[in-house]
Amino acid sequence: YIVADGMGGHKGGETASKLTVDYLCNAFKKEKIESPENFLCDTLLMADTAVRKKAEEDSSLKGMGTTVVAVIIKDDMAYYAHVGDSRIYLFQHNKGHQLTKDHSYVQQLVDSDIIKPEEAETHPERNKILQAIGVGNVKPESNHLKLYKNDVLLLCSDGLSGEVNIDEMW
């Protein structure tokens, strides 16, 4: 499962997100995946290279990029990776938990105890991301967890997480 949220103008954002999704899907179909977590991180790095190369070939796409979250579910395990501020939430026993941590300026402020997590939601620079596919120097973060009956994973862009809180998502 993949969600990619493009940036860099309509044409560029759409191109970057489509290239990223296509790259991951094609690699998933072709490769024998030994380690889903490593596969996701490695493939996101290769997608970053492909998006940057496309932007170099077409000047109208300069500055394009995309945030991305991706999940592979295998044997009751969810393996996931992300870049940027698109998120994955786990809803378990009617309670939500954010699994990913935004690659954003505001998240850095929270991590450094400069602002409180509640302040991040309305901070004027909350949309300033520090990583995106297509921008380079990408370091995907990954993890995994066991899934149980009735668990729900929600993959979303900041178009959802920036508008509603976790209780409203549930």
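## Salt bridges

A salt bridge is defined here as a side-chain nitrogen of Lys or Arg within 4 Å of a carboxyl oxygen of Asp or Glu. Side chains of opposite charge can pair when their charged atoms come close. The structure is a predicted model, in which local features need pLDDT of at least 70 and side-chain atom pairs count only at pLDDT 80 or more, whereas totals for chains, interfaces and linings use all residues. Residues are numbered from 1 along each chain as its sequence is written, and side-chain values use heavy atoms, with hydrogens and water left out.

One of the salt bridges joins Asp102 and Arg87, with 2.7 Å from N to O. Asp102 lies in the loop between strand S5 (95-98) and helix H3, and Arg87 lies in strand S4, so the pair ties together parts that are 15 residues apart in sequence. Helices (H or I, at least four residues) and strands (E, at least two) are DSSP runs, numbered from the N terminus. Asp102 is buried at 11% relative accessibility, and Arg87 is buried at 16%. Buried means under 20% relative accessible area, exposed means over 50%, and partly exposed lies in between (1.4 Å probe, protein chains only).

Another salt bridge is formed by Lys32 and Glu34, at 3.2 Å from N to O. Lys32 is exposed, with 71% relative accessibility, and Glu34 is exposed as well, with 65%. Lys128 and Glu125 also form a salt bridge, at 4.0 Å from N to O. Lys128 is partly exposed at 42%, and Glu125 is partly exposed at 34%.

## The largest pocket

The largest pocket holds about 650 Å³ of space. Among its 25 lining residues, Arg87, Gln98, Asp102, Glu121 and Ser161 are the closest to its centre. At least two lining residues come from each of strand S4 (87-92), helix H3 (105-111), helix H4 (117-120), helix H5 (158-161) and helix H6 (166-169).

On a 1 Å grid over the protein atoms alone, a pocket is an open set of points with protein on both sides within 12 Å along at least five of seven lines, and lining residues have an atom within 4 Å of a point. Grid points are joined across faces, edges and corners, and a volume is the space filled by probe spheres set on the points.

## A buried charge without a partner

Asp151 is located in the loop between strand S6 (141-146) and strand S7 (152-156). Asp151 is buried but has no salt bridge, and the nearest side chain of opposite charge, Lys146, is 8.6 Å away. For this comparison, Lys and Arg count as positive and Asp and Glu as negative, while His and the chain ends are not counted.

The side chain of Asp151 does reach the backbone nitrogen of Tyr148, at 2.8 Å. Beyond its neighbours within four places in sequence, Asp151 is in contact (heavy atoms within 4.5 Å) with Leu90, Phe91, Gln92 and Lys146.

## Two loop positions

Ala132 is found in the loop between H4 and S6 and is buried, with a relative accessible area of 1%. Its C-alpha atom is 5.2 Å from that of Gly84, although the two residues are 48 residues apart along the chain. Apart from neighbours within four places in sequence, Ala132 is in contact with Met7, Asp48, Thr66, Val83 and Val138.

Asp58 occupies the loop between helix H2 (36-57) and strand S2 (65-74). Asp58 is partly exposed, with a relative accessible area of 26%.

Notes: A polar contact is a pair of N or O atoms within 3.5 Å; within protein, one must be able to donate a hydrogen and the other to accept it, and residues adjacent in sequence count only if both atoms are side-chain atoms. On a 1 Å grid over the protein atoms alone, a cavity is a set of points where a 1.4 Å probe fits but cannot get out, and a pocket is an open set with protein on both sides within 12 Å along at least five of seven lines; lining residues have an atom within 4 Å of a point.
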